[in-house]
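Q: Please take a close look at the sheet in this predicted model. Walk me through how it is put together, then focus on one residue in it and its surroundings.

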Amino acid sequence: NPINSFYVYQQVYDEKGKYTHIANAAGYPNPVSLLEISNETTQDRILAQAYIEIIPFKDLLLKAQFGYDKQTAKVEFYLPRTTLYGEKEGGYGTINQSQLEDKLLSYTANYKKTFKEKHRFYLLLEYECQITNRRSQDMNVSSFPSDSSGTNGMGDGKGRPVIDSSRSLVEFASYFGRVNY
């Protein structure tokens, strides 16, 4: 196994102070060099629910429910030149941001009436709506003049930047009704 042989036969650094590479496994990075990778992730989430019930008159119950879920995430990732891939690319940085917003709304009307103690009438009506909105932005660049600024200097990268964004909006609505006698 090339990784196990690294610790037995090779130094971590060469005479110039750079990380050594595994001689018998080209393409494998020095495992210690991976400790210099910068990876900062920030996540936030807001989750809320509420409902209200109203009885405007005897035998009728009205209910409304509301739900809200918002999630945001940001990832800043930088591979310095001390890593195998970072050396090949002259430093490599990526920043990704994503957001998910989900809204749910539900209305229910429930009517129950009894006539002459043996006739029962039930009516149920419901409407529900869900709106989901997703967004993301992604930026990757390479060939930095130095590793000192990492993802804080994305405009300094001389490589061709890859910039991408997306958005999707999905809406669902449903109706339901039932009558029992």
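**The sheet and a buried aspartate**

A: The sheet is open and has 5 strands. Their order is β1-β2-β3-β4-β5, and the pairing is antiparallel. Two strands sit at the edges: β1, residues 38–57, and β5, residues 162–180. Each of these pairs on one side only. Between neighbouring strands of the sheet, the average turn is 5°, with direction ignored.

Strand β2 covers residues 60–79. It pairs with β1 in the antiparallel sense, over 18 bridges.

Now the residue. Asp69 lies in strand β2. Its relative accessibility is 12%, so Asp69 counts as buried. The cut-off behind that call is under 20% relative accessible area.

What does the side chain of Asp69 make a polar contact with? The partner is the side chain of Arg45, at 2.7 Å. Leave out residues up to four places away in sequence, and Asp69 touches Arg45, Ile46, Leu47, Leu100, Glu101 and Asp102.

The protein chain holds 2 helices and 5 strands. From the N terminus on, the elements run α-β-β-α-β-β-β. The radius of gyration is 30 Å, well over the 16 Å that the globule rule gives for 181 residues, so the protein chain is more spread out than a compact globule. The C-alpha atoms fill a box of roughly 100 × 40 × 20 Å along the principal axes.

Burial and surface come next. Of the 181 residues, 24% count as buried. The accessible surface of the protein chain comes to about 12900 Å². Carbon and sulfur atoms account for 53% of that surface.

Last, contact range. Consider contacts in the protein chain between residues at least 6 apart in sequence. Of these, 61% join residues at least 24 apart.

To recap: the open sheet runs β1-β2-β3-β4-β5 with antiparallel pairing.

Definitions and conventions: Residues numbered from 1 in each chain as written. Predicted model: local features only at pLDDT ≥ 70, side-chain atom pairs only at ≥ 80, totals over all residues. Heavy atoms only, no water. Pairing = 2+ DSSP bridges. Helix = DSSP H or I, 4+ residues; strand = E, 2+ residues; numbered from the N terminus. Axes fitted to C-alpha atoms, helices over the stretch in contact; angles between N-to-C directions. Buried < 20%, exposed > 50% of the residue type's maximum accessible area, 1.4 Å probe, protein only. Polar contact = N/O pair within 3.5 Å; in protein donor to acceptor, adjacent residues only side chain to side chain. Contact = heavy atoms within 4.5 Å. Rg over C-alpha atoms; globule rule 2.2 N^0.38 Å. Areas by Shrake-Rupley, 256 points an atom, 1.4 Å probe, with all protein chains shown as cover.
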